Amino acid sequence: MRHPLVLILAVLLPAIPAWSQTCADRSGNYTARISLCDQALDASDNPGDAAFALAMKGEAQRMLGDYEAAAATLQQALEVTLDNSWVWVELGNVRHDQGDLAGALAHYSAALAVEDHADAWANGAEAWWQFRMDQRCSDDADNALRLDPEHAFANEMKGRCVTVLGRAQEAISYFDMAIALAPGYQNAYWNKLAALAVLGRHQEVITTADKAMSPDVVPNPNPVIEVDILSRRLMAVAQMESPETVTAGALALLARYPDNLTALHILGRALLDAGKAAEADAATQILRSNPDDKQMAAIFHDTLARIDVALDRLDDV
């Protein structure tokens, strides 16, 4: 699942002028930052300061989801100077969050033509991961970590890359490093769950998911990632517990998220395992119709086929 680039922890900025403590504030009040950066732009007296103010404004606009305005602001920054690598990186981030991964990679490459930049490498790794170019993902993450071993996002990306390259045990150390560097890093917890699942360490998946769901650990969770964590936890429960326990867990998740395809799939499997094929069929009708045309994992189709077989609907399989 693709998530926007909302955690960039080690941006290599130019020397910060006196006014930057307001314009450069990365707290969640993005609307206020835009106004402050407009003021900083008006007060700037050299191209570097002007580009910095525009870049910070563009980042705030992106975080608000105003991608067209962000792109226009960053293009304005490039008219001031082409030699600010972070402007190119942030423009790549805009393209990434718009779903234009090829455009994002082109802008990260432009940033690297200006400067050997950790964020350009790390964010490029994320784009390659989306393209399922796993070795390129790993190589770009290595370059980011060469420049900054304590780059939390690069550590998380390296973990993701090596997980799909079949090195899940190695991935755990990168996720743990990312979490140590950025406590509360929800996405690192989520991707750690995937590595633990690959290793068959289902109890650790449950324990880690419970930790990631604690407000003391992740005080400001992203609801989308939260759903993914709960889904991954349920998948681990399904590997360890009785059909009755799994059914109860799936129903609890569906009470919060009625259209969660993972929960529907697991509920169907649990009911089948309990010998309740008709109930499994009724429970998975949303999965079967998929009214929102969500991406369906192969195992979801397998569950529906098993239900059809159990009900002697062989012509439908």
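Leaving aside its neighbours within four places in sequence, which residues is L253 in contact with? The partners of L253 are L230, S231, L234, N260 and A263, where contact means heavy atoms within 4.5 Å. Let us see where these residues sit and what else the model shows.

## About the model

This is a predicted model, in which local features need pLDDT of at least 70 and side-chain atom pairs count only at pLDDT 80 or more, while totals for chains, interfaces and linings use all residues. Residues are numbered from 1 along each chain as its sequence is written, and side-chain values use heavy atoms, with hydrogens and water left out.

The term pLDDT stands for the predictor's confidence in each residue, from 0 to 100. The chain has an average pLDDT of 90, and 92% of its residues score at least 70. Where pLDDT is low, the predicted coordinates should not be read in detail.

## The overall picture

The chain has 18 helices and 0 strands. These elements are DSSP runs, numbered from the N terminus: helices are H or I with at least four residues, and strands are E with at least two. Along the principal axes, the C-alpha atoms fill a box of roughly 75 × 35 × 35 Å.

Of the 317 residues of the chain, 50% count as buried. Buried means under 20% relative accessible area, exposed means over 50%, and partly exposed lies in between (1.4 Å probe, protein chains only). Among the contacts with a separation of 6 or more, 56% join residues 24 or more positions apart.

## Helix α14 and L253

Back to our opening residue: L253 belongs to helix α14. L253 counts as buried because its relative accessibility is 7%. From L253 to V227 the C-alpha to C-alpha distance is 8.8 Å, although the two are 26 residues apart in sequence.

Not counting residues up to four places away in sequence, A144 touches A118, W121, A122 and A154.

With a relative accessible area of 2%, S138 is buried. S138 touches K158, C161, V162 and L165, again not counting residues up to four places away in sequence.

N191 is found in helix α11 (residues 186–198). N191 counts as buried because its relative accessibility is 7%. Leaving aside neighbours within four places in sequence, N191 is in contact with E156, R160 and F175.

In helix α12 (residues 202–212), the buried residues are H202, V205, I206, T208, A209 and A212. Helices α11 and α13 are included in what covers these buried residues of α12.

## The largest pocket

The largest pocket has a volume of about 1,500 Å³. On a 1 Å grid over the protein atoms alone, a pocket is an open set of points where a 1.4 Å probe fits, with protein on both sides within 12 Å along at least five of seven lines; lining residues have an atom within 4 Å of a point. Grid points are joined across faces, edges and corners, and the volume is the space filled by probe spheres set on the points. Of the 42 lining residues, R232, M235, T262, A297 and F300 are the closest to the centre of the largest pocket.

Which helix gives the largest share of this lining? Helix α13 does, with 9 residues. Helices that each supply at least two lining residues include α9 (152–164), α13 (223–240) and α15 (261–273). The lining divides into 21 nonpolar, 11 polar and 10 charged residues. Here Ala, Val, Leu, Ile, Met, Phe, Trp, Tyr, Cys and Pro count as nonpolar, Asp, Glu, Lys and Arg as charged, and the others, Gly among them, as polar.
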